[in-house]
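Subject: A structure for you to look through

Hi,

Here is the structure I promised to pass on. Could you open it and keep it beside you while you read the rest of this email?

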Amino acid sequence: MNAKQRKTPEQLRSHRWYGVKDLRSFGHRSRTAQMGYHRSDYAGKPVIAIINTWSDINPCHSHFKQRVEEVKRGIWQAGGFPVEMPAMSLSEPFQKPTTMLYRNLLALETEELLRSYPADGCVLMGGCDKTTPALIMGAISMNLPAIFMPAGPMLRGNWNGVTLGSGSDTWKYWAELRAGNITEEDWQGVEDGIARSPGHCMTMGTASTMTSAVEALGLSLPGYASIPAPDSRHAQMATLTGKRIVDMVWEDLLPSDILSAAAFDNAVTTVLALSGSTNAVVHLIAMARRAGIPLDLKRFDELARRTPVLANLRPSGKYLMEDFYYAGGLPALLSRIPDLLDLEQRNVNGATLGENISKARSFNDDVILPRDKPLVANDGLAVLHGNLAPNGAVIKPAAAEKHLLKHTGPAVVFKNYEDMAARIDDPNLDVDANSVIVLQSAGPQGAPGMPEWGQLPIPQKLLKEGVRDMLRISDARMSGTSYGACVLHITPESHIGGPLALVKDGDLIAIDVEQRSLNMLVDEAEIAKRRKAWVPPITKFSRGYGALYLKHIKQADEGCDFDFLETDYGKKNTSGAGNVSGEPEIH
């Protein structure tokens, strides 16, 4: 790659707001003075937008009030002018029906904040599940110098001497409470001890999966994705991130200079080696397509077949992110699979991936497993096809009981989430351990928003018999902290007439993960008869953002982005559409 010439102050994008001599620039400078800044604070300096997703209802980002000041410190020290811009905060625990409904809205907001204001570069502050891909998607589309600052995982949970992990132990002890094996007092103790510091989930859930993927992509400083949020080194990282973005502006180092098909292969391979969240499939496809790279399910499956799982982290393994960081973090893990990575890919720090991991090593071989002793040899994820999922579905084999990876059983069908919640614990429900629980209308259009409903509950009467896993299928997602034989992201979804909509109670469902197959064993003539009788459900939204969402959302195998936000949208009809320059029409 040819090196670019360093920018001059006159070449800064913000110069058109602040540096020219006209009436509009007078207004910009006078209003900046109104906020207490002297011209020397910003004249000839890069303006750095800090997209901050803090809010009072986002516990994962509760430390961002302090971290943003540390980012600003780094920007000031490096000779930049920091401008904090609050953006929508996607709070995984609180936002209903799902943050996934709003991922694209935050991506759009990020892009438009950067487009409409005098930003020369940006720091993206995120970490809670959908926040990370949303920020990256917006920054990719805008294509200004951008660096991601990960929120970091919270500390280990603790209850009566037992180490607790986010989500994973929530599901575990909820099942034990429903089975009558623990008391309400025990359950209260778990509640009080499972989340005890700022930061996102400390299991290998969606949050840590996506911040690790972004580090592997090259969009955050190397080695920092797993620092616990309360660790003082996290504050140091924030300042270093602020310093680095200023240099990136002068260097004109853009996302398009870093992101490539090989960089996304590195990110996918990283997710697989971590046994990361199935949600990464949807998010990475969306991010890649923003960069004009046609990542698809086939590529995930190809890479899964060759990639060992080396991170012994919950929910697939034993440990938590705090342990992972102290064991050497992501660089240590990647140093064990160099042959599976493109080491020439570039990072925001200016070095290659190979250079960044060259001195890394593991300090705990039980947390970051040796290459010859993997948690599983391959298939951290698997992509399934068949007459039930013509366009694909995903499963996390390492998180399932092995006997369920090749299984045939009768369907127990729930037409939607409300139906499932009302009947799942009915003592008269016709279900046993061999049954296959099926949830319909839980996809992008159906729920809507494709919530994390895919880890369907085990019926209470089976929990009391000792059953802890069953084959469960849906067009929903599941939390990266979840576990079990859960087939997810079935496409096309049932709400738009996908085959899942045609399944009835008693139909035999057959899965074979090794063969990558998922089928309902129903005669084709019967399927055709059911399809002819199928009636499309009523649209959930008639106005507002929900109506926009339903009109433009794509299916899970395409990343669930809005069609009008993908790179190529409008190119055939509008000159330059989709080729974002970041140039303001007026200033």
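Below is what I found in it, going from the whole chain down to single residues.

First, some ground rules. This is a predicted model, so local features need pLDDT of at least 70 and side-chain atom pairs count only at pLDDT 80 or more, while totals for chains, interfaces and linings use all residues. Residues are numbered from 1 along each chain as its sequence is written, and side-chain values use heavy atoms, with hydrogens and water left out.

**The whole chain**

The chain has 21 helices and 14 strands. Both are DSSP runs numbered from the N terminus: helices are H or I with at least four residues, strands are E with at least two. Along the principal axes, the C-alpha atoms fill a box of roughly 75 × 55 × 45 Å.

How does the radius of gyration of the chain fit a compact globule? For 587 residues such a globule would come out near 25 Å, and the chain has 24 Å, so the two agree. (The radius is taken over C-alpha atoms, and the globule rule is 2.2 Å times the number of residues to the power 0.38.)

Buried residues account for 61% of the 587. Buried means under 20% relative accessible area, exposed means over 50%, and partly exposed is in between, using a 1.4 Å probe and protein chains only.

Now for contacts, meaning heavy atoms within 4.5 Å. If you take those between residues at least 6 apart in sequence, 76% join residues at least 24 apart.

**The cores**

A nonpolar core here is a set of buried Ala, Val, Leu, Ile, Met, Phe, Trp, Tyr and Cys residues joined through side-chain atoms within 4.5 Å. The largest one has 91 residues, and those touching the most other members are Ile-51, Val-123, Leu-124, Phe-264, Leu-284, Met-287 and Phe-300. Helix H13 (residues 279–290) contributes the most to this core, with eight residues. Another core lies apart from it and has 28 residues, including Leu-388, Val-436, Val-438 and Ile-511.

Have a look around Ile-51. Setting aside neighbours within four places in sequence, its contacts include Met-85, Thr-110, Leu-113, Val-123, Leu-124 and Leu-135.

Cys-60 sits in the loop between strand S1 (47–52) and helix H4 (64–77). Is Cys-60 buried or exposed? Its relative accessible area is 8%, so Cys-60 is buried. Beyond neighbours within four places in sequence, Cys-60 is in contact with Cys-128, Ala-151, Gly-199 and His-200. Cys-60 and Ala-229 are 169 residues apart in sequence, with their C-alpha atoms 9.0 Å apart in space.

Ala-33 belongs to helix H2 (residues 23–34) and counts as partly exposed because its relative accessibility is 44%. Between Ala-33 and Ala-377 there are 61 Å, C-alpha to C-alpha, and the two are 344 residues apart in sequence.

Most residues other than glycine have a negative phi, and most peptide bonds are trans.

- Lys-96 and Pro-97 are joined by a cis peptide bond, with omega about 0 degrees; Pro-97 is in the loop between strand S2 (81–86) and helix H5 (103–116).
- Ala-447 and Pro-448 are also joined by a cis peptide bond, with omega about -5 degrees.
- Asp-379 is not a glycine, yet has a positive phi of about 60 degrees; at 14% relative accessibility, Asp-379 counts as buried.
- Cys-560 has a positive phi too, near 55 degrees, and is found in the segment after helix H21 (544–552).

**Helix H21**

Which residues of H21 are buried? They are Tyr-545, Gly-546, Tyr-549, Leu-550 and His-552, and what covers them includes H5. His-552 has a relative accessible area of 13%, so it is buried. Leaving out neighbours within four places in sequence, His-552 is in contact with Asp-561, Phe-562, Asp-563 and Phe-564. The C-alpha atoms of His-552 and Pro-97 are separated by 18 Å, although the two residues are 455 apart along the chain.

Happy exploring!
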